Amino acid sequence: MVLITFAFILGIILGQYLNGPPWACGILALTAGVITLVTIKQRAKFSTEVLLLFAVSLGAFWLSLAQGPGSQLAQQTGTYLDLTGWVAEEGRVYENRETYLLQVHELLLPEGNQVALNEPVLLTIYLDRLAESQPVTVGASPSFGYGDVLRVHGQLELPKGPRNPGEFDYRAYLLRRGVHTQITVYPGDVVRLESGQGNPMLRWVLSLKARVKQEMVQVIPPEQTKILQALLFGDQTGLSPEDREQYQRTGLIHIFSVSGFHVGFVLLFALFLGQIARLSPKGQFWLALAVMFFFAALAGFQTPVMRATIMAVIGLAGHLWRREQDLINSLAVAALVLLLWNPQWLFEAGFQLSFLATWGIVYLYPRLDAQMTRWAAWRGVVLVPLCAQLAVIPLVAYYFNQVSVISLVSNVLLAGLVGVAILMAFFAFLLVFIFPLASQILFLADGALIGLVTKLVTFLSLVPGAAFFIGTPSIWLMLGYYFLLVAWGEGWLKPAWYRVRNYAVFYFSRFSRSNLVPLVCLILVVGLAAGWYFKPAAPLRVVFLDVGQGDSILIETPAGKRILVDGGGNPTFTSVQSAFDVGRQVVVSYLRREGINKLDVVVNTHPDSDHLQGLSAVLEAIPVSLVLSAPVEETSALWQEFYQQAQALGVPVVGAKRGMSLNLDPAVLIEVLHPGTLLAGTRSDVNNNSVVLRIKHGQNALLLTGDLEAEGMQDLRQAGVELRSQVYKVPHHGSRYSLDPQFFAAVDPQVTVISVGKNNFGHPDPAVLEACQEGARPLFRTDQHGAITVESDGQRLKVMPFIRTQD
């Protein structure tokens, strides 16, 4: 079963990357199936290989079917229209919005035509609580329930895909659920028409869940409520970024993914009830089955809980019918069942982490335990979380760029407390409908226990060295890691180690100690010299990150020095109060993925929010050696906060001035061209005193201009500094004030870059676009191309847009 599951998985992977049409995959699977039947009937020697080939072709075919036909609604994106559909999943409540999966069955076009269809849409309702002065209630129930029929008026859009290297692909995530489009509205744009659609049993389960959540909110303080709801239902919408960071640093974030840990306690709870009711073994099995699937429904049938439930059912059935249990085969069966349900789950982090953690426990633990029999009998308390962690370390580094060093200690200390909290919550859940007063007392006690867990997690997360950040590992490195784990588990490494050891003993025994040391030193010196000589020279790398309407530019020199110019910021022209932090969620996340744990210089070109705001998150997350800023006389409150933050962290802040240079790398010259004498009385003194940097690497130069406008450009021309540059970052997001023909001619760029996002200012201006593209000059825009990477080897330039367009 393990080989068949692996072959099926390989077929899904091949189908994803080959992207063949369903009919071609179907013909291939049918042919392979016929050949398999013939070989099995004839009992051919190679029937196993043919069966695996059939599983591979079936996996590719199954994926092509799951991807389904195209979307009718995707053809209507950018259009304001009316949708009618029913809420197909429990809604999620965030700080400033609610989201629903709306199964649309009717579309009303602007011209009045009605179209019948059956397609899911992601509905986001921005609550604008700040404008309405409504307090945010942690754990509040959504405004609309499962099965409600809604009519929605709004603009249909495509979900946002990744804009910077390594970013989470939200569009692909939704496509794996069959969702091609989304619609964003306000409460006044939504009307409930009726209720009662969907599955009656699921609607009943969710109504019970809503009542229990309401009881929690009334009894338990908000800080404990959000943790308990995440722990019990997997509902992480109430967790703050700080909460997630603490649980990730301590290696405990997995407790919020409802999985085998939770299902194990559910099973114990069900068997306990069965024994109280004096049920037969078969009766206990059916009761446990019902309770586990009830719990899976409460958790929204998430992949980890379904995997654990299937494995628990197989284990219970084996125990009941006295069959020998094979945990590895049970895990393979669970994976195969889930992938038959939806093969696209294979590409989700939750699926991968859930199965690999379980594989670590069922595969690595028995082998490691057998080699540590001299340890105390309670060694399993340490070895079980250790094996789970060993199995997921590469994936955790790949998806989260963070490895918890203290995870083993945290899990050993807190797993028992968390388990008790889960059991108490189960009993309180039941008592809500039998003895409400007892449930309130139990919830209060559970809240106190959660408060203790929270304090311990906070303490452990503050331990120096509790976790470290790591760049995204390559797929080949991860595969090599898992190969070594399996090789160790199967004992393949022992013969190889014995051969290497015996050869080394035989070879080096011929040398005396006085001769051996110089020989080893010579080998090391030759190896290092060869590595240094043949290592290709690193390029100068400049990345214009897509931070929306703002600037953020990372400079990496050949010697490995890193300079960050601006950090983006949240738009100030929208009426929607966004909780999105560009600095934390875009800039810092990108730096983490690149393995950058230190910045040599941070430059703030000027104190506008779309350049400065994100730098606060950068200072908080990553050590910075120096801040270089525009020496403006009138500073904003935002700049004062940033300056005080830098002082508190001991980071020196230096005002930039013409004539300065950053001597970080002998191969790269970074000059400050502006400001000279501070300009006053211009259209915008803040913009016109922006820091302008010219980066020279061999024969190539890049000019970074902040939000400079016409007066600042004129001052630069009159100063007589060298402006000619191959790459020109157009100032002020391409506004009409950023075009000065004489300045543009003095720069004479080969490539122009505009950092711009959705805005109400008309950026970039048509006249600026025309000037940039004159003479077929390449123009790159972050709103169209995403992040733009420029590499220089000192002679040639290479420009790599993250999103390639048809231009």
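Biologist: Which residues have the most contacts inside the largest nonpolar core?

Modeller: This is a predicted model, so let's look at what it places in that core. The largest nonpolar core has 87 residues. Domain 1 (1-67) and domain 3 (214-251 + 404-465) both give residues to this core, so the core lies between them. The residues with the most contacts inside the core are Met216, Tyr247, Met292, Val305, Phe351, Phe426 and Phe443.

Biologist: Let's stay with Tyr247. Leaving aside its neighbours within four places in sequence, which residues is Tyr247 in contact with?

Modeller: Tyr247 is one of the residues with the most contacts inside the largest nonpolar core. Once the neighbours within four places in sequence are left aside, the residues in contact with Tyr247 are Ile227, Leu252, Ile253, Ile255, Phe256, Val453, Thr454 and Val457.

Biologist: How many residues are in the other core, which lies apart from the largest one?

Modeller: You can look for Leu540, Val603, Val751 and Val753, which are among its members. Counting its members gives a core of 28 residues.

Biologist: Now for the whole protein. What is its radius of gyration, and why does it count as compact?

Modeller: The protein has 28 helices and 24 strands. For 807 residues the globule rule gives 28 Å, and the protein's own value is close to that, so the protein is as compact as a globular protein of that length. The radius of gyration is 30 Å.

Biologist: What share of the contacts with a separation of 6 or more is between residues 24 or more positions apart?

Modeller: Here is some background first: buried residues make up 47% of the 807 residues. Among contacts with a separation of 6 or more, the share that joins residues 24 or more positions apart is 69%.

Biologist: Is Cys387 buried or exposed?

Modeller: A residue counts as buried when its relative accessible area is under 20%. Cys387 has a relative accessible area of 0%, so Cys387 is buried.

Biologist: And how many disulfides are there?

Modeller: Cys772, with a relative accessible area of 1%, is another buried cysteine. For a disulfide, though, two cysteine sulfur atoms must lie within 2.5 Å. A search of the whole structure gives a disulfide count of 0.

Biologist: Where is Leu386, and which residues does Leu386 touch, not counting residues up to four places away in sequence?

Modeller: Leu386 sits in helix H14 (residues 380-400). Its relative accessible area is 24%, so Leu386 is partly exposed. Not counting residues up to four places away in sequence, Leu386 touches Leu368 and Leu408.

Biologist: Which residue does a cis peptide bond join to His763?

Modeller: Most peptide bonds are trans. For the bond at His763, omega is about -5 degrees, and the bond is cis.

Biologist: What is the phi of His733?

Modeller: Most residues other than glycine have a negative phi. His733 lies in the loop between S20 and H26, and at 1% relative accessibility His733 counts as buried. His732 is found in that loop too, with a positive phi of about 50 degrees. For His733, phi is also positive, near 60 degrees.

Technical notes: Residues are numbered from 1 along each chain as its sequence is written. This is a predicted model: local features need pLDDT of at least 70, side-chain atom pairs count only at pLDDT 80 or more; totals for chains, interfaces and linings use all residues. Side-chain values use heavy atoms; hydrogens and water are left out. Buried means under 20% relative accessible area, exposed over 50%, partly exposed in between (1.4 Å probe, protein chains only). A nonpolar core is a set of buried Ala, Val, Leu, Ile, Met, Phe, Trp, Tyr and Cys residues joined through side-chain atoms within 4.5 Å. Domain bounds come from an automatic or database domain assignment. Contact means heavy atoms within 4.5 Å. Helices (H or I, at least four residues) and strands (E, at least two) are DSSP runs, numbered from the N terminus. The radius of gyration is taken over C-alpha atoms; the globule rule is 2.2 Å times the number of residues to the power 0.38.
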